[in-house]
Amino acid sequence: MISFLTLFLGLLVGPHDVALAVGPEVAEVRLLLDGRQVAALESEPWRAKVNFGDRLRPHELVAVALDAAGEEIARSRQWINRPRGRAESTLLLEQDADGRPKALRLIWENLVDLHPLDVSVTLNGRRLEDSGGGVYPLPSGDDFSELQVAVAEVEFEEGPTTRAELVFGGPESDHLEVEMTAVPVRHRGADRELRLDDLRGRLIRRGGGELRPLGLERGRARVVTVVERGAYRMLGAYAQLLDRGGAFNERRLMKMRPGDSFLSQAPVPVRRLDGGTPLDLFTISPAYGPEHGDLPFLISHATPGEVPDGVQQLADAVAVAGVEAAAGDRPRAVLLIVGHKWEDKSRFEEKEVASFLAELRVPLSIWATGPARTGVIAEDRLPLKRKTAWGLARDISTFNRFQLATGELRRELDEQAIAWIAGAHLPQQIELAGRDRRLELAR
């Protein structure tokens with residue numbers, strides 16, 4: 001009955017056009033942004049301009065379809081500035097004036113303006129032909145009294161493939177869908193493991209309303225690093241030390257756990273879409289697991305073979321890394337490693353991005369390698385923290401401090417757990433009641 005024609009896959013602020021596909025039985029559409037009505041539409045072209053605000057933050061955009069009597073008959077949702085696929089597609093059912101299915105309409109979008117290598121739309125396993133504009137006519141003469149299963153697959157250049165499914169026809173049936181939201185919590189220095197009962201009555205929705213925890217999951221952490229080019233040289237030196245076997249005994253405590261994934265993202269964009277959307281325009285490594293090495297090894301070897309050319313957009317890269325870290329609904333962290341000083345030509349500012357990651361519930365760790373030196377300086381004469389545009393950064397100017405910082409990161413990941421709560425909620429709308437200092441929401 002109602003679907004979004006505009007698929008928002010990038011990081012968005014400010015006003016943007018929203019287009020909808022609406023069935024004939026719909027008399028009015030109301031657009032809600034974070035629960036507040038921002039537009040009401042009563043006729044074609046079913047378009048509106050929605051303002052996502054002047055700063056980067058997660059949003060929920062909902063389209064509510066009403067009939068002539070003002071009753072809700074359908075709704076569709078899009079998450080904005082939250083983890084999404086690198087490409088997405090939607091399969092819509094078009095009907096004739098009498099309400100009979102006549103065609104399928106395929107809508108797809110990807111982030112880097114790639115052309116599809118192959119597009120396939122099938123109905124019950126039988127491939128349909130495109131009549132133009134992504135419209136696939138259904139076989140004539142079929143009354144669709146039996147259940148029909150339509151599947152669309154779009155394969156793009158350089159990897160991403162989308163899949164959309166649509167079930168229609170046959171007898172009407174009721175569907176029960178249980179939505180859940182993953183909430184990362186941190187249990188600090190407790191003398192026992194966090195249990196689900198510890199969260200009952202503690203998780204609430206901002207403005208009132210207790211949230212019901214359904215499950216608790218640990219492990220499978222996800223770390224995304226962004227390395228500023230000024231830090232490459234020192235990390236490379238640490239990589240050589242580790243390759244020669246240099247390490248503390250505590251390095252065994254910094255191992256990757258089963259299911260962990262480590263990714264490294266460059267701060268120099270390789271492409272830019274019209275409008276400047278930065279998501280997915282930064283080169284990112286494959287996901288490395290425990291079979292590839294421990295955390296000190298992966299972090300120190302995260303630097304590319306050559307310093308990338310081009311203007312750094314460090315804050316933009318960190319914002320994208322935050323969304324990438326939140327993907328998969330698991331314990332997470334973004335690690336930013338900077339040098340002594342740098343130039344940043346980002347669209348977003350450092351404080352705005354740090355606030356965005358806090359609202360996504362993605363912890364951000366800042367490390368600084370410090371200025372290059374000649375001669376030897378005693379470690380106790382080096383500052384423990386360095387002042388940067390991101391705030392105070394952990395100094396890793398010595399190999400000892402690099403490993404200590406890595407141990408802190410490992411402990412933070414181990415202290416995190418994912419609480420699954422009933423319903424679909426924005427992360428910044430969830431709060432923790434009570435005053436237990438050992439338990440907090442990850443941020």
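Asp34 is partly exposed, with a relative accessible area of 26%. In this predicted model, Asp34 sits in the loop between β3 (28–33) and β4, and its phi is positive, near 55°, although the residue is not a glycine. Asn81 also has a positive phi without being a glycine, with a value of about 60°. Asn81 belongs to the loop between β7 (72–80) and β8 (87–95). At 2% relative accessibility, Asn81 is buried, because the cut-off for that class is under 20%.

| Residue or bond | Angle | Value |
|---|---|---|
| Asp34 | phi | near 55° |
| Gly245 | phi | near 95° |
| Glu44 to Pro45 | omega | near 15° |

Most residues other than glycine have a negative phi, and most peptide bonds are trans. The bond from Glu44 to Pro45 is cis. Pro45 is placed in the loop between β4 (36–41) and β5 (47–51).

Helix α1 covers residues 232–243, twelve residues in total. From its first C-alpha to its last, α1 reaches 16 Å, close to the 16 Å expected at 1.5 Å a residue. Which residues of α1 are buried? They are Tyr232, Leu235, Tyr238, Ala239 and Leu242. Seen down the axis of α1, these buried residues fall within an arc of 125°, so they line one face of the helix. The buried residues pack against the strands β18 (222–227), β19 (261–269) and β21 (332–338), and against the helices α2 (295–300) and α5 (399–415). Following α1 comes Gly245, with a positive phi.

Terms used: Residues numbered from 1 in each chain as written. Predicted model: local features only at pLDDT ≥ 70, side-chain atom pairs only at ≥ 80, totals over all residues. Heavy atoms only, no water. Helix = DSSP H or I, 4+ residues; strand = E, 2+ residues; numbered from the N terminus. Expected span 1.5 Å × (residues − 1). Buried < 20%, exposed > 50% of the residue type's maximum accessible area, 1.4 Å probe, protein only. Arc of directions from axis to C-beta. Contact = heavy atoms within 4.5 Å.
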